[in-house]
Amino acid sequence: MPKGRKAAHKGRMRTYTSPEEIDAQMKAEKERKKQEQEEDEQEGAAHNEVTEKSVASESDDSDDEGSQRKRAGVEGLIEIENPNRVAQKSKKVTDIEMDEPRQLSRREREELEKQKAKERFLKAHMAGKTDQAKADLARLAIIRKQREEAARKKEEEKKAKEAAAAAAKGINSLSLK
């Protein structure tokens, strides 16, 4: 086998645990937990007797011990004070102050400025003060004139056709008589 490589399961038979073995392991685990709880209760009862005696002499110490969490392993034996470690304190929604002004990030500021500039442009555009609006209004005026002229020409052509039709009827009515 080459150096630096770990042996993998490839090429070997895989072993599976039987359901009976799993049940046996679960029962053993439950029994072990029960024994630990009983031992803790016995130690707690002995500790309560000791603390009741010390409560008479010092009441402040019992409050501090009750508020501390249970420490596992060697942690209970060694007192550690790390000035760099800050305990996370959860904040309630009611504690957060909404009165103080929040500092906006660069992106948020730019986004707000962009929106305000767009609103100013639209306002000026609607008032007809921008170059684009002036060009649009001029284009609209030209189109309106063209349409008016086209409508006038159409009306004149219509009147001419009616006059021609009336004249043709007049000729036809004279020729029949």
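A salt bridge is defined here as a side-chain nitrogen of Lys or Arg within 4 Å of a carboxyl oxygen of Asp or Glu. The model is predicted, so that local features need pLDDT of at least 70 and side-chain atom pairs count only at pLDDT 80 or more, whereas totals for chains, interfaces and linings use all residues. Residues are numbered from 1 along each chain as its sequence is written, and side-chain values use heavy atoms, with hydrogens and water left out.

The structure contains four salt bridges. Among them, Glu36 pairs with Arg32 at 2.8 Å between the closest N and O atoms, and Glu29 pairs with Arg32 at 2.3 Å. Glu36 and Arg32 are separated by about one helical turn because they lie four residues apart in helix H1; helices are DSSP runs (H or I, at least four residues), numbered from the N terminus. In helix H4, Arg139 and Asp136 are three residues apart, and their side chains form a salt bridge at 3.1 Å, N to O. Asp136 is partly exposed at 24%. Shared partners join the salt bridges of Glu29, Arg32 and Glu36 into one network.

Thr130 is located in the loop between helix H3 (106-127) and helix H4 (131-176). The residue is buried, with a relative accessible area of 13%. By contrast, Glu43, in helix H1 (residues 19-57), is exposed at 54% relative accessibility.

Conventions: Helix = DSSP H or I, 4+ residues; strand = E, 2+ residues; numbered from the N terminus. Buried < 20%, exposed > 50% of the residue type's maximum accessible area, 1.4 Å probe, protein only.
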